[in-house]
Amino acid sequence: MTSELTIVRRYAVAGTGHRAQMYIDAMVGDHAEVAELVAWCEPNPGRAAYYDEVIGAAGRKPLPRYEPSQLEEMVHEHQIETVVITAPDHTHADLVTRAMDAGADVVVEKPLTIDAEGCKKITAGAERTGRNVVMTFNYRYSPRNSALKEVIASGRIGEVTSVHFEWALDTVHGADYFRRWHREKALSGGLLVHKSSHHFDLVNWWLDDAPERVYARGRLAFYGDQGAGAAQAGPRPARGVDAEPGDRWSLDMRQDERLRRLYLDAEGYDGYHRDQDVFAPGITIEDNMAVIVDYRGGALLTYSLNAHAPWEGYKVTVNGTKGRAELEVVERGSVEFDASGRAVLDPSAREAESADVLRPKGERLIVQNHWERAQEVEIPMGEGSHGGGDRILLSDVFRGPGEDPLGRPAGYVDGVRAVAVGIAANESIRTGLPVVVDDLELGVELAKR
């Protein structure tokens, strides 16, 4: 029973695709006593109907559905206090700003937005309305990343001089970005915005600093009709549902009940195909990227992202004036297929089988000071998706953050800092020149707090 002191907020979800599940489950599950889910803002009735069934299993009635053009009407009619935005990236700036203007706070999935204009729109809206914007950077909450933050903040390795950050996406998870709407840079900002904003936020947070200048290179080397993988893959059907059984480059949504219901069965409403061929023409994002970032406090970041690796995980090296910290995370040591030819799409969000002996799934944080032997730092075991980060994040989102010496809760300024690197990197790739972040005129001062 809800106590008299419990404050219940009214929520709507804008965008009922795959990413919405985490928030919906939280509002009808662990956080139901403080979060009342009352409406959908979703153009596709098939996807909204799927989630009506999800909440129905928790004893809830179907919710009213509003088109994105009716967002303000939805907020006013149902007295929505917070809109959770899990719609495609290019819609974020519009939805965030309109929700704030209508009188609601916002919880927004990364990235905050995909370009400088979107940043200016959101920052102006936040200043104009005074509404609260929560960025859901769940990787901050992952115990391994929090452990590295603690090492750096303690001064154990001294003042940070440089960071090297390498992220590998494997040929299942990495390939998936190239079959859905993310493959178009105009919709996602490319992987340097959509995916890497998570990673750039981690560096900003670890260093408690802001990016100053960015230089980047990148290209579509493996996927696409001209990529190196196309010749290896052979003749391709346009869609996964038309692929031969066992085709490892295709996604057959008929084998996944959730994907089938959310996307395949809903195609008739909007024509969106979730299973496009990764070697088809028309892909405008990169699959190999390298970035150099100068930070205002003096640290240098070198970053790389590869989307066609045989394993998935990341390596972070932090060099300081007293020593060095190294974090290595293997989320999937090699891609393992089940008897029906399926593999887990995202090994960070869902447990993936891996029998690889040389690269076992796991994580390790090592600190070594000058003239001393290396020492391993214990990482608390996290439970659930994204290294245990999602569970802690959701508690902060729906119950409010308490005292946190690590400063994990994030707002819109953190969101701007994170996408600033990717936006500048995209411009640098386009021009071949370094980009000063202030020259992007993102609408808010990004200097170190």
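Biologist: Helices here are DSSP runs of H or I with at least four residues, and strands are runs of E with at least two, both numbered from the N terminus. Where is the place of Gln79 in those terms?

Modeller: Gln79 sits in the loop between α3 (71-77) and β4 (82-85). This is a predicted model, in which local features need pLDDT of at least 70 and side-chain atom pairs count only at pLDDT 80 or more, while totals for chains, interfaces and linings use all residues. Residues are numbered from 1 along each chain as its sequence is written, and side-chain values use heavy atoms, with hydrogens and water left out.

Biologist: What is phi for Gln79?

Modeller: Phi of Gln79 is positive, about 50°, although the residue is not a glycine.

Biologist: And is Gln79 buried or exposed?

Modeller: Gln79 has a relative accessible area of 59%, so it is exposed. Buried means under 20% relative accessible area, exposed means over 50%, and partly exposed lies in between, with a 1.4 Å probe and protein chains only.

Biologist: Turning to Trp371, what is its phi, and where does the residue lie?

Modeller: Trp371 also is a residue other than glycine with a positive phi, near 65°. Its loop runs between β13 (362-369) and β14 (375-377). Trp371 counts as exposed because its relative accessibility is 87%.

Biologist: Which peptide bond is cis, with omega near -10°?

Modeller: That is the bond from Lys110 to Pro111. Pro111 belongs to the loop between β5 (105-109) and α5 (116-129).

Biologist: Now Glu331. Which strand is it in, and is it buried or exposed?

Modeller: Glu331 is part of strand β12, residues 323-332. Its relative accessibility is 2%, so Glu331 counts as buried.

Biologist: With which side chains does the side chain of Glu331 make a polar contact?

Modeller: The Glu331 side chain pairs with the side chain of Tyr139 at 3.3 Å and with that of Arg144 at 3.0 Å. A polar contact is a pair of N or O atoms within 3.5 Å; within protein, one must be able to donate a hydrogen and the other to accept it, and residues adjacent in sequence count only if both atoms are side-chain atoms.

Biologist: What else does Glu331 touch?

Modeller: Leaving aside residues up to four places away in sequence, Glu331 touches residues including Glu312, Gly313, Tyr314, Pro347, Ser348 and Lys361. Contact means heavy atoms within 4.5 Å.

Biologist: Ser348 comes up there. Where does it lie?

Modeller: Ser348 is in the loop between β12 and β13. With a relative accessible area of 7%, Ser348 is buried. Its side chain makes a polar contact with the side chain of Asp346 at 2.7 Å. Ser348 and His173, 175 residues apart in sequence, have C-alpha atoms 9.5 Å apart.

Biologist: Zooming out, how many helices and strands does the protein have?

Modeller: The protein has 15 helices and 16 strands. Its radius of gyration, 22 Å, is close to the 22 Å that the globule rule gives for 449 residues, so the protein is as compact as a globular protein of that length. The radius is taken over C-alpha atoms, and the rule is 2.2 Å times the number of residues to the power 0.38.

Biologist: What percentage of the residues count as buried?

Modeller: Of the 449 residues, 55% count as buried. Among contacts with a separation of 6 or more, 76% are between residues 24 or more positions apart.
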